[in-house]
Amino acid sequence: MSLNFGKREDGDWIEARGQVHRLLADGEDEGESHQRFVVTLPGGQTLLIAHNTDIAGRIPVGLADRVTFRGLYVYNDSGGVVHFTHRDPHGREAGGWVEFRGKRYA
């Protein structure tokens, strides 16, 4: 799916690829640990990836690494956040993932 970031669309599943632009400190959301990093998409758009490490494990990414991902997009003033980049532990959704160096973290 191609999002029109200028229209502030969110709540949709997206699949994209990008280059790791910035590594951030881990954070917590609802008591679960999240690995956070910013990717730059081919068109220049930046997105924060919030990857649940309690469910899917840590991804050994570094600056300038390339990743492909699937997750839920949520708009914010900085460009947006992609979360749910892991399997659905309840089995209700297809879930998301991050691929890095031939391995899928889900």
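Let me start with the sheet pairing: strand 1, residues 13-29, and strand 2, residues 32-40, run antiparallel and are joined by eight bridges. Strands here are DSSP runs of E of at least two residues, helices are runs of H or I of at least four residues, and both are numbered from the N terminus. Two strands count as paired if DSSP finds at least two bridges between them.

Before going on, the provenance. This is a predicted model, in which local features need pLDDT of at least 70 and side-chain atom pairs count only at pLDDT 80 or more, while totals for chains, interfaces and linings use all residues. Residues are numbered from 1 along each chain as its sequence is written, and side-chain values use heavy atoms, with hydrogens and water left out.

Back to the strands. Gly27 has His34 in strand 2 as its bridge partner. Strand 2 also pairs with strand 3, residues 46-52, again in the antiparallel sense, over seven bridges. One of the positions to look at is Arg36, whose bridge partner in strand 3 is Ala50. Strands 2 and 3 form a hairpin with five residues between them. In that turn, Gly44 has a positive phi of about 100°.

Now the whole chain. Along its principal axes, the C-alpha trace spans about 30 × 30 × 25 Å.

Some totals. Of the 106 residues, 41% count as buried. Buried means under 20% relative accessible area, exposed means over 50%, and partly exposed is in between, with a 1.4 Å probe and protein chains only. The accessible surface comes to about 6100 Å², and carbon and sulfur atoms hold 43% of that; the areas are Shrake-Rupley values with a 1.4 Å probe, and for residues only the protein chains shown count as cover. For contacts, meaning heavy atoms within 4.5 Å, residues 24 or more positions apart account for 54% of those with a separation of 6 or more.

Next, the core. In soluble globular proteins, nonpolar side chains tend to be buried together. A nonpolar core is defined here as a set of buried Ala, Val, Leu, Ile, Met, Phe, Trp, Tyr and Cys residues joined through side-chain atoms within 4.5 Å. The largest one has 16 residues, and those touching the most other members are Phe37, Val39, Leu47, Ile59, Val61, Val67 and Phe69. Strands 1, 2, 3, 4 (66-74) and 6 (97-100) each supply at least two residues of this core. Which strand gives the largest share? Strand 4 does, with three residues. As for Phe37, leaving aside neighbours within four places in sequence, its contacts include Val20, Leu24, Leu47, Ile49, Ile59, Val61 and Val67.

Last, the charged residues. The whole structure has four salt bridges, each a side-chain nitrogen of Lys or Arg within 4 Å of a carboxyl oxygen of Asp or Glu. Glu15 and Arg70 form one of them, at 3.7 Å from N to O. Glu15 lies in strand 1 and Arg70 in strand 4, so this pair ties together parts that are 55 residues apart in sequence. Glu15 is partly exposed at 47%, while Arg70 is buried at 17%.

Another salt bridge joins Arg101 to Asp65, the closest N and O atoms being 3.7 Å apart. Arg101 sits in the loop between strand 6 and strand 7 (103-105), and Asp65 in the loop between helix 1 and strand 4, 36 residues apart. Besides Arg101, Asp65 touches residues including Gly18, Gln19, Val20, Pro60 and Phe100.

Arg104 and Glu99 also form a salt bridge, with closest N and O atoms 2.5 Å apart. Arg104 is partly exposed at 45%, as is Glu99 at 28%. Glu99 is also among the residues that Arg66 touches; Arg66 itself is in strand 4 and exposed at 59%.
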